[in-house]
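Student: I have a new structure to look at. Can you take me through the part where the chains meet?
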There are 2 protein chains.
Amino acid sequence: MTTTDSSSDHAGLRLAAAEPELLAGSIRSAGLKVTAPRLAVLRALTDRPHSNADALFGLVHAGLPGTSLQAVYGVLASFTTAGLVRKIEPAGSPALFERRVGDNHHHIVCTRCNVVHDVDCAVGHAPCLTPADALGFDVRAAEVIYWGLCSSCQAATSNP
Amino acid sequence: MTTTDSSSDHAGLRLAAAEPELLAGSIRSAGLKVTAPRLAVLRALTDRPHSNADALFGLVHAGLPGTSLQAVYGVLASFTTAGLVRKIEPAGSPALFERRVGDNHHHIVCTRCNVVHDVDCAVGHAPCLTPADALGFDVRAAEVIYWGLCSSCQAATSNP
DNA sequence: CATTTGTTTTGAGTAATTCAAAACAATATG
DNA sequence: CATATTGTTTTGAATTACTCAAAACAAATG
């Protein structure tokens, strides 16, 4: 664990020290207790958006060896219901998580290497939120996933 | 097994008799052998689009008790790769299958009762096929899922 | 009708995730 | 600041949806 100097609040914010406080702050303001596994998951997710539970477990466990995979699942579940992270579930992939929430953004997934990137939708502000015929549904969200080949995989495919 | 009268091709098509032939025809023209489990799965999928493997197994097994769940998975896999059915995988749900393929249509899912309906996209012919920034991807498909409350669930929610 | 090729059965295995009880830790309270 | 309360994590097991592999079997082909 990094040295958390509790008297550091008198000084100017140094980035390395400030970051854990920011993470703790967002956990606290989501109404959740701040714990070491939660900080570690949130930091891992900051560094590696679109990670799955297993990858996050690997990152977290490296710095905090006591942490269990189930704890990571638990942290992710509480974060997701608290609106602190967003869970995405592309076909054929385990669930992925990201901190970018509250905006209406979508994803583009490479069918070959499975890399995921964020994309904003083409159609203005609230893209595709109105289907041609909502069939009486009260539509609350529209989820768009683009599938294709990322540029590296296009390159790898043309020169094999 | 229904009586397959191979001499029936001389007569006019009766609907009850014609249907198995139509099903067989589409299996054959997908380059697949026609078998009883395949006919049964395709028929079940005609009657109940957006079914999962388990539900299809139930329907198929009722009429063809020898059929195994793995056979249903096998049939669905071959149908999917042959382009005869489409597999959709909404978040939090097992995979669903439908016969409506080749057109660009999307889905609307009830967050309460999980009912699924087809929808055409609002934005013309190839909806959302162009993300704001494709990030160098060669985009091949766009998948849209709308989430909301279906009309029955809206009613059930307002008068509890 | 025999052969080939593809399909299904049977049985086992796996990945991702969830559940439950007990141990434990963070915040609220006296 | 000690303690109670509540929420979190650990440990261990279970479950769901799905895949794999070998042997038995059936459809199409010549």
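**Where chain B meets chain A**

Tutor: This is a predicted model. Across the interface of chain B and chain A, 14 residue pairs are in polar contact, with both residues at pLDDT 80 or more.

Student: Which elements of chain B supply at least two residues each to the side that touches chain A?

Tutor: Strand 4 (106-110), strand 5 (116-119), strand 6 (138-149) and helix 5 (151-158) of chain B each do.

Student: And which one gives the most?

Tutor: Strand 6 of chain B, with twelve residues.

Student: How does that side of chain B divide into nonpolar, polar and charged?

Tutor: The side of chain B that touches chain A has 25 nonpolar residues, seven polar and seven charged.

Student: How many salt bridges does the rule find across the interface?

Tutor: Zero between chain B and chain A.

Student: Back to strand 6. How many bridges join strand 6 of chain A to strand 6 of chain B, and which way do they run?

Tutor: Eleven bridges join them, and the two strands run antiparallel. Within that pairing, Gly148(A) stands opposite Val139(B).

Student: Now area. What do chain B and chain A bury between them?

Tutor: About 2,900 Å², with 64% of it on carbon and sulfur atoms. On the side of chain B, Phe137(B), Glu143(B) and Tyr146(B) lose the most area to chain A, and together they account for 22% of what that side buries.

Student: Last one: how many residues does the contact take from each chain?

Tutor: The contact takes 39 residues from chain A and 39 residues from chain B.

How values were computed
Residues are numbered from 1 along each chain as its sequence is written. Chains are lettered from A and ligands numbered from 1 in the order in which they are written. This is a predicted model: local features need pLDDT of at least 70, side-chain atom pairs count only at pLDDT 80 or more; totals for chains, interfaces and linings use all residues. Side-chain values use heavy atoms; hydrogens and water are left out. Contact means heavy atoms within 4.5 Å. Buried area is the accessible area (1.4 Å probe) that two parts lose on being put together, summed over both. A salt bridge is a side-chain nitrogen of Lys or Arg within 4 Å of a carboxyl oxygen of Asp or Glu. A polar contact is a pair of N or O atoms within 3.5 Å; within protein, one must be able to donate a hydrogen and the other to accept it, and residues adjacent in sequence count only if both atoms are side-chain atoms. Helices (H or I, at least four residues) and strands (E, at least two) are DSSP runs, numbered from the N terminus. Ala, Val, Leu, Ile, Met, Phe, Trp, Tyr, Cys and Pro count as nonpolar, Asp, Glu, Lys and Arg as charged, and the others, Gly among them, as polar. Two strands pair if DSSP finds at least two bridges between them.
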